[in-house]
Amino acid sequence: MRALLPLLRTDWAWRAGSPAAARLPRGKSAGPGPHRAMAFYRTEERGQPYSPDYRLFFKNVAGHYISPFHDIPLKVDSTEENGIPTKRARNDEYENLFNMVVEVPRWTNAKMEIATKEPLNPIKQDTKDGKLRFVANIFPHKGYIWNYGALPQTWEDPHQKDKSTDCCGDNDPVDICEIGSKVLSCGEVIHVKILGILALIDQGETDWKIIAINVNDPEASKFQDIDDVKKYKPGYLEATLNWFRFYKVPEGKPENQFAFNGEFKNKAFALEVIKSTHECWKTLLMKKCDGGAINCTNVQVCDSPFHCTQEEARSIVELVSSLSNKGRSKEEEQVWHFLGK
């Protein structure tokens, strides 16, 4: 137990990676093609759904626990992932192909999210004042109106002011709204094409919302940029803007505000935001900036001072599960405190 305590902090000492270990990913990642993303990742539930103790942990193809925040590559354009050779694309499709971690399936209300302050960053349901959070239904919609999730290996730095919005980041991975026809599952890792972006200003912080589409969607070939959403899904962007404007009003909060007067920016703009936030993530993982309470424990970024072994990752998961029971020791209570419980 005592040996695991440093892993549960965000500032534990440098760990040297093995000589054969992979270095910090340079925007490279997954799979033999755009239709095989889920083959490389699976999830494992711990605790009961719709409870504060529920966690959804991630594993790679080898069955090792990983962080969906730090260990899943951002881009889908590499020749190898997790040591498995892949085929090179014969066209430019990979230039705009990214991994998305699905947190909230379309039409559901539970506010599921990557736990950025917990080791290995499992998905959990957000809480406020000790109560589980659910988003209200914004007429005429039921729950979230897209498959909602995050881009791994991105981070909106709360100490860095965005030049285009004049606001700092919200301390989270970049959010993404997937507009395809299929209702996805919490914890799925899919390949998406980036189409555009919306700049939500949440309590003075920049909270980017990427608009994207699953490459497996039957109509994905129609969508290349934000204007295609206007053309083939009329009203969807207007509904998206209204949803983000009003979704906190039922909680007694004011309407949300937007940069650029609520204008959706195009794919090129969105790709620049992704590039910038990926660079911020790199500085976070290499401990070149103040990450605050963000937990950077990872299994595959071996140059990072926050790297841990597969055995340590497995022990963390078992510890989290055991601490959900009653009768914790004083030391276990200390660990639970680091987990934000």
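Trainee: What pLDDT does the chain average?
Mentor: The average is 85, and 78% of the residues score at least 70. pLDDT is the predictor's confidence in each residue, from 0 to 100.

Trainee: Where does pLDDT stay under 50?
Mentor: Over residues 10–38 and over residues 79–90. Where pLDDT is low, the predicted coordinates should not be read in detail.

Trainee: OK, helices. Which residues of H2 are buried?
Mentor: In H2, residues 236–246, the buried ones are Tyr-236, Leu-237, Ala-239, Thr-240, Leu-241, Trp-243 and Phe-244. Buried means under 20% relative accessible area, exposed over 50%, partly exposed in between (1.4 Å probe, protein chains only). Helices (H or I, at least four residues) and strands (E, at least two) are DSSP runs, numbered from the N terminus.

Trainee: And what covers them?
Mentor: The cover includes strands S11 (147–151) and S14 (189–202), plus helix H1 (226–232).

Trainee: Now the rings. How many aromatic pairs are there?
Mentor: The structure holds 15. Rings of Phe, Tyr and Trp (its six-membered ring) pair if their centres lie within 6.5 Å; planes under 30 degrees apart count as stacked, over 60 as edge-to-face and the rest as tilted.

Trainee: Why is the pair of Trp-146 and Phe-244 stacked?
Mentor: Because their planes are at 15 degrees, with the centres 4.9 Å apart. The pair links distant parts of the chain, 98 residues apart: Trp-146 is in the loop between strand S10 (131–132) and S11, and Phe-244 is in helix H2.

Trainee: Are those two buried or exposed?
Mentor: Trp-146 is buried at 0% relative accessibility, and Phe-244 is buried at 1%.

Trainee: What about Phe-223 and Tyr-232?
Mentor: That pair is edge-to-face, because the planes sit at 65 degrees, with centres 5.7 Å apart. Phe-223 is buried at 0%, while Tyr-232 is partly exposed at 34%.

Trainee: Which residues form the aromatic cluster?
Mentor: Tyr-144, Trp-146, Tyr-148, Trp-243, Phe-244 and Tyr-247 form one cluster.

Notes
Residues numbered from 1 in each chain as written. Predicted model: local features only at pLDDT ≥ 70, side-chain atom pairs only at ≥ 80, totals over all residues. Heavy atoms only, no water. Contact = heavy atoms within 4.5 Å.
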